[in-house]
Amino acid sequence: MGNCCSDDPGGRTAVGGTAASIGNPNDAHNDAVDHLLKSRGYHGLFSQIELSLAAIDLRDRDVLSKSDPMVVVYTKGRDGGLVEIGRTEVVLNSLNPKWITKHNIIYHFEAVQTLVFRVYDVDTQFHNVDVKMLKLDEQQFLGEATCALSQIVAKSDRLLTMDLVYREESSRSNRHQNRGKLIVHAEESVSSKTTIEMSLRCLDLEHKDLFSKSDPFLVISKVVEGGITIPVCKTEVIKNELKPAWKPIYLNIQQVGSKDSPLIIECFNFNNNGKHDLIGKSQKSLADLEKLHTSGQGENLFLPTAAGHDHLNKMLKSQLFVDKFTESVQHTFLDYLAGGCELNFMVAVDFTASNGNPRLPDSLHYIDPSGRTNAYQRAIIEVVEVLQFYDTDKRFPAWGFGARPIDGPVSHCFNLNGSSHHCEVEGIQGIMVAYSSALQNVSLAGPTLFGPIITNAASIASQSLSNGGQKYFVLLIITDGVVTDLQETKDAIVKASDLPLSILIVGVGGADFKEMEILDADKGDRLESTTGRVASRDIVQFVPFRDVQSGEISVVQALLAELPSQFLTYMRSRNIKPNL
């Protein structure tokens, strides 16, 4: 825990308590939580979802009575493997069951989470057996249904009705026999929405530095199985102070488990070498901290002894006070989806000559006759597969840039479908067809300019905004080289930062993309325009395709992880409420 703040800039920045987060707590970026989630395979938005199941018109497989149905719920991996996440109870003698057992699952915006539901008629002889112990091959299979979790949560009523099919039918395109329907309802956990704001201070901290007072900061961790502590929040460092009062911090109830879950609050003295000295600690739940706030009293910190026994802990005169404790429910990303808000996708493809001759296999634009996709196609498919569930009409503006159309000058924003009137194509297949066609009808040229593309996308977002629509736009730019019009691109991004727009940039090929990272505010300060105006928020996410295509994190997860927080930052900063 002593190395939670590993460097000077990182240690002195408030995590979950920066100046920006005081005005808007939900903009707070929590590095410790991000590290925890990523280390466990969680990236970006995560919400606890409760699934409720029902069915209608099930097939009757019993001779003297109706079926006794049960549902088994699975998640399906990319390799097609199934992992069981739960079973319902058995509902006796019913063809229209409503199961009571709920199933909890973590919703990841940036991943396609495929769910498989299999319905069985449980034989009478097994009615007294715990459902977890039932052998499924001894039960009668009634049918199955498959969907993505996104399909459910993207619906305004979070209700999805699916036809049940037999496994051998699910891969066929012919008309299925009527085997009934499965109804799935998703509900977001209230704990996903509940936020605690706390202001903490200490008195009488001990001197840890030789020639000055201590430089204290707090780290708050939750305790998991085996007594392991996982950091969930930290304060900023206050220099040369023995009675520090830190800026407010914000905790989501779901981050810590519950208000009664034990938390370890540690006060450290900051050191530039990353070896921070423990000044003292306390173990309290959120409920305990709320009581401290109500009473106005302080809690003495302690230092653990080498023996590790609680009754031998050294009590200190240093005290922890809770000056503010408020609990509020915030509108979440899923609330906006339930209110009818849509994510509209747009794509722009780099057709500059540096990609290589599309007819040669070493070109980044080479279309392999075997059907193997190139980097441009893979990036498009992976991003659209996630975002398509949030766009009802699935008509996507698609552009190219850096090429010379037949008998024309170089264009830095042309319609991918070849039309001079409209830029939209239908679905993933529409983008793929337009992309392949464009390669046959344009000459690769240059230079690499983003400004015209971003300006065009911003114009569409601005028009939607003026029409009062609750829409948020996502522009994907795929490029093989460093942008030439860097300052013009910065100007366009700064201007677009006031609009409902996020920009995802994928770098393909072997170019040095370090300059591109300037556009992504994760890597440094917010962008500044030629006139000195600073971007109102971070709207760009950049990732080199080669960095993620061979790792555990897909390009989609790396790119889309920040999109929900960018969306919420925009909505909340403009006080736009979901239409619930």
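A disulfide here is a pair of cysteine sulfur atoms within 2.5 Å. By this rule the count comes to zero disulfides. Take Cys-267. Its closest cysteine sulfur is in Cys-202, at 4.8 Å, so that is too far for a bond.

Ground rules, quickly. This is a predicted model: local features need pLDDT of at least 70, side-chain atom pairs count only at pLDDT 80 or more, and totals for chains, interfaces and linings use all residues. Residues are numbered from 1 along each chain as its sequence is written, and side-chain values use heavy atoms, with hydrogens and water left out.

Stay with the cysteines for a moment. Cys-267 is buried, at 1%. Cys-233 is buried too, at 0%.

Now the aromatics. How many aromatic pairs does the structure hold? It holds 17. Rings of Phe, Tyr and Trp, the last by its six-membered ring, pair if their centres lie within 6.5 Å; planes under 30 degrees apart are stacked, over 60 edge-to-face, the rest tilted. Two pairs deserve a look.

Pair one is Phe-217 with Phe-270. The centres are 6.4 Å apart and the planes stand at 70 degrees, so this one is edge-to-face. Phe-217 lies in strand β10, residues 216-223, while Phe-270 is in the loop between β13 (263-269) and β14 (277-284). The pair therefore ties together parts 53 residues apart in sequence. For the element names: helices (H or I, at least four residues) and strands (E, at least two) are DSSP runs, numbered from the N terminus. Buried or exposed, for Phe-217? Buried, at 0% relative accessibility. Phe-270 is buried as well, at 3%.

Pair two is Phe-513 with Phe-542. This one is tilted: 5.7 Å centre to centre, 55 degrees between the planes. Phe-513 sits in the loop between β24 (501-507) and β25 (540-544), and Phe-542 in strand β25. Phe-513 comes out at 2% relative accessibility, buried. Phe-542 is at 4%, also buried.

Five of the five residues of β25 are buried, so the strand is largely enclosed by the rest of the structure. In general, side chains in a regular strand alternate between the two faces of the sheet. In β25 both faces are covered. Val-540, Phe-542 and Pro-544 are buried on one side, Gln-541 and Val-543 on the other. β25 also runs parallel to β24, joined by five bridges. Strands pair, in this scheme, if DSSP finds at least two bridges between them. Ile-503 has Val-540 in β25 as its bridge partner.

Ring pairs link Phe-109, Phe-333, Tyr-336, Tyr-390, Tyr-472, Phe-567 and Tyr-570.

Charges over rings come next. The test is NZ of Lys or CZ of Arg within 6 Å of the ring centre and within 35 degrees of the ring normal. Arg-179 lies over the face of Tyr-166, at 3.6 Å from the ring centre. The charged end of Arg-118 sits over the ring of Tyr-74, 5.4 Å from its centre.

Back to β10, the strand of Phe-217. β10 pairs with strand β11, residues 229-234, antiparallel, over five bridges. Val-223 is bridged to Thr-229 in β11. The two strands make a hairpin with five residues between them. In the turn, Gly-226 has a positive phi of about 80 degrees.

Next, an open sheet. Four strands, antiparallel pairing, order β3-β2-β5-β6. Which are the edge strands? They are β3 (82-87) and β6 (140-148), each pairing on one side only. Strand β2, residues 69-76, is joined to β3 by five bridges. Thr-75 has Val-83 as its bridge partner in β3.

Last stop, Ser-258. This serine lies in the loop between α6 (253-256) and β13. Its relative accessible area is 29%, so Ser-258 is partly exposed. Ser-285 is 27 residues away in sequence and 8.6 Å away in space, C-alpha to C-alpha. For contacts, meaning heavy atoms within 4.5 Å, Ser-258 touches Ile-253 and Leu-286, leaving out residues up to four places away in sequence.

Note on methods: Buried means under 20% relative accessible area, exposed over 50%, partly exposed in between (1.4 Å probe, protein chains only).
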